[in-house]
Amino acid sequence: MRVFLMHREQDFDPGAAAEAHADDLVQDLELPTLIEEMAGEDQLVQAVVRTALLCPLTHPVDITYRQAILRDAFQHPETVRGLYDLAGTALERAHQARGWMTARNPVAALQQALGILRILVPVLQELRTTASQHGPAFDSEGFSRFFGMVLEELGGDFFPTVKQQLAHLDFPGGVSMSARLDPGGKSTELLLQRPVEPRKFLGHRMETRHASAPSFRISDRDETGAKELGDLRGRAISPVAAAMSRSTNHILDFFRNLRTELAFYVGCLRLQETLAGRGAKTAFPVPTSGTAHQLECTGLYDVSLALLSTAAVVGNDISARDIGLIMITGANRGGKSTLLRSLGMAQLMMQCGMFVGADSLTANVAAGVFTHFKREEDTGQTQGKLDEELARMDGLVDRLSPSALMLFNESFGATNEREGSEIGRHVVRALLKAGIKVVFVTHMYDLAGVMAEQDDESMLFLRADRGSTFKIVEGAPLPSSYGDDLYRRIFTTTEEGSEPGR
């Protein structure tokens with residue numbers, strides 16, 4: 001049985017290796033806040049969500065497949081959580097059974113497999129009941145196929161047959177086997193025969209009392225003979241024990257995959273309920289092909305900030321169809337970096353099949369999301385800040401590909417503005433030429449202003465509002481970062497009409 005609730009044709013691998021720049025993404029986009037809220041205390045949810053975010057899907061059809069399953073989860077949260085808990089119950093019970101059973105030989109291995117299967121049969125029955133009762137209400141391709149598979153695989157006489165076979169494999173009438181003897185008198189071609197029915201009736205025992213069949217009896221003190229007979233029994237049982245162990249592992253793998261893949265949706269349910277409780281809107285984004293740059297959003301906000309803030313967060317609207325460069329300038333603490341993080345986080349959330357923090361979002365699928373944010377001074381003094389920035393940029397270049405999304409936050413500002421702007425312009429132009437979408441937050445007018453002077457329709461310039469609204473509006477970069485305004489507001493005397501410090 002296969003789950004296929006994360007991918008259409010393959011299992012989800014929670015241990016998949018993320019790209020080399022994954023740690024930078026986690027730090028720069030403040031993903032731990034998002035992941036921890038989705039996971040709570042559940043380590044499996046945490047691992048699955050982190051992998052899903054850092055190993056994004058790259059085709060719109062794969063994203064919409066997962067989105068449809070998540071929509072079903074929103075409509076039937078208790079059923080989804082019930083399935084997650086049911087899979088956990090199966091794994092926990094099997095783990096406890098393995099704790100006191102041993103499998104040093106075929107007989108012990110068979111008994112272990114039988115014991116675990118007896119534990120799992122009631123769980124499988126509960127799974128089938130869930131599929132029968134709740135499956136018809138699910139609409140997505142993923143869940144419809146999953147519940148259909150459960151009903152087909154566990155339908156008909158499956159459970160009566162399993163119970164009968166488990167009873168037979170206890171060998172209540174003893175182990176019946178056949179063998180050939182080689183010229184040296186050793187047994188070969190040892191085969192386990194159908195279980196001998198226990199002799200329950202007196203008449204049956206009377207009929208067979210004088211049956212003429214070759215037999216021998218091992219003395220109670222014949223340890224060597226008992227050992228040899230036990231070895232024969234083990235050799236006969238070994239293929240059956242191996243088959244039963246494979247069956248047990250197959251069922252356990254199914255429940256393990258089910259719990260792993262449902263962990264993603266359980267985390268999404270938890271996050272959506274938290275955001276809804278804070279009045280923060282969410283929406284399913286519309287992914288488009290990565291061959292053309294597209295970004296249309298309304299009310300886009302930073303989800304991590306919404307989780308940490310006690311006040312309502314400010315959303316922003318952006319219309320950037322066929323835009324390769326979005327450059328954001330303006331007042332300090334005006335929301336520039338917050339918007340940058342919200343764009344990067346929304347891209348990752350969209351490409352792992354999640355909803356996003358926005359009223360609406362349409363965006364092209366990126367070949368990868370990359371960040372280059374300013375860092376603190378190297379405490380080891382092994383290199384300067386500019387050297388460190390250039391080294392990180394050099395490391396990213398080899399991993400960038402057309403249709404990737406590159407996010408810069410105050411990059412190349414560790415030197416003087418003229419030199420930093422010149423570096424920035426060369427880097428941005430090279431990326432745009434390679435078909436990479438760039439979003440650049442900068443305070444350097446020499447960088448932003450020169451780019452704006454090109455009057456290129458493939459570039460969009462946004463500016464942080466001068467007030468305290470944290471709104472980002474469309475506008476060309478200004479040569480001042482409002483330093484004169486700040487000076488007058490802080491140091492103007494009361495005689496000039498303002499209060500000091502106001």
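Predicted model: local features only at pLDDT ≥ 70, side-chain atom pairs only at ≥ 80, totals over all residues.
**Stop 1: the whole chain**

The chain has 502 residues, and 44% of them are buried. Switch to a cartoon view and you can look for 16 helices and twelve strands. Now show the surface: its accessible area is about 26100 Å², with 50% belonging to carbon and sulfur atoms.

**Stop 2: colour by confidence**

Next, colour the chain by pLDDT. The average is 86, and 81% of the residues score at least 70. Select residues 60-75 to see helix H4, where confidence is highest, at a mean of 98. Then select residues 202-208, which form helix H9; here confidence is lowest, at a mean of 52.

Now go to residues 494-502. pLDDT stays under 50 over this stretch, and the model gives it eleven contacts beyond four places in sequence.

**Stop 3: the largest pocket**

Select Gly-335, Lys-336, Ser-337, Thr-338 and Arg-341 and centre your view on them. You are now at the largest pocket, which has a volume of about 740 Å³. Those five, Gly-335, Lys-336, Ser-337, Thr-338 and Arg-341, are the closest to its centre of the 30 residues in its lining.

Which elements give two or more residues to this lining? They are helix H1, at residues 22-28, and helix H12, at residues 336-351. H12 gives the most, with six residues. If you colour the pocket lining by class, you will find nine nonpolar, ten polar and eleven charged residues.

**Stop 4**

Begin with the largest cavity, which has a volume of about 90 Å³. Its lining includes Leu-295, Leu-300, Leu-343, Ala-346, Gln-347, Leu-361 and Val-439. Four elements to highlight here are strand E4 (295-300), H12, strand E7 (360-364) and strand E10 (437-441), each of which gives two or more residues to the lining. H12 has the largest share, with three residues. By class, the lining has eight nonpolar, two polar and one charged residues.

For the second largest cavity, select His-293, Gln-347, Asn-364, Ala-366, Ser-403, Ala-404, Leu-405 and Lys-437, which line it. Its volume is about 30 Å³, and its lining is made up of three nonpolar, four polar and one charged residues.

**Stop 5: Asp-85**

Finally, select residues 77-100 to show helix H5, and pick out Asp-85 within it. Is Asp-85 buried, exposed or partly exposed? Its relative accessibility is 48%, so Asp-85 counts as partly exposed; the exposed class begins over 50%.

Asp-85 and Leu-262 are 177 residues apart in sequence, and their C-alpha atoms are 9.7 Å apart in space.

How values were computed:
Residues numbered from 1 in each chain as written. Heavy atoms only, no water. Buried < 20%, exposed > 50% of the residue type's maximum accessible area, 1.4 Å probe, protein only. Areas by Shrake-Rupley, 256 points an atom, 1.4 Å probe, with all protein chains shown as cover. 1 Å grid on protein atoms, 1.4 Å probe; cavity = no way out; pocket = protein on both sides within 12 Å on 5 of 7 lines; lining within 4 Å. Points joined across faces, edges and corners; volume = space filled by probe spheres on them. Nonpolar A, V, L, I, M, F, W, Y, C, P; charged D, E, K, R; others polar. pLDDT = per-residue confidence, 0-100. Contact = heavy atoms within 4.5 Å.
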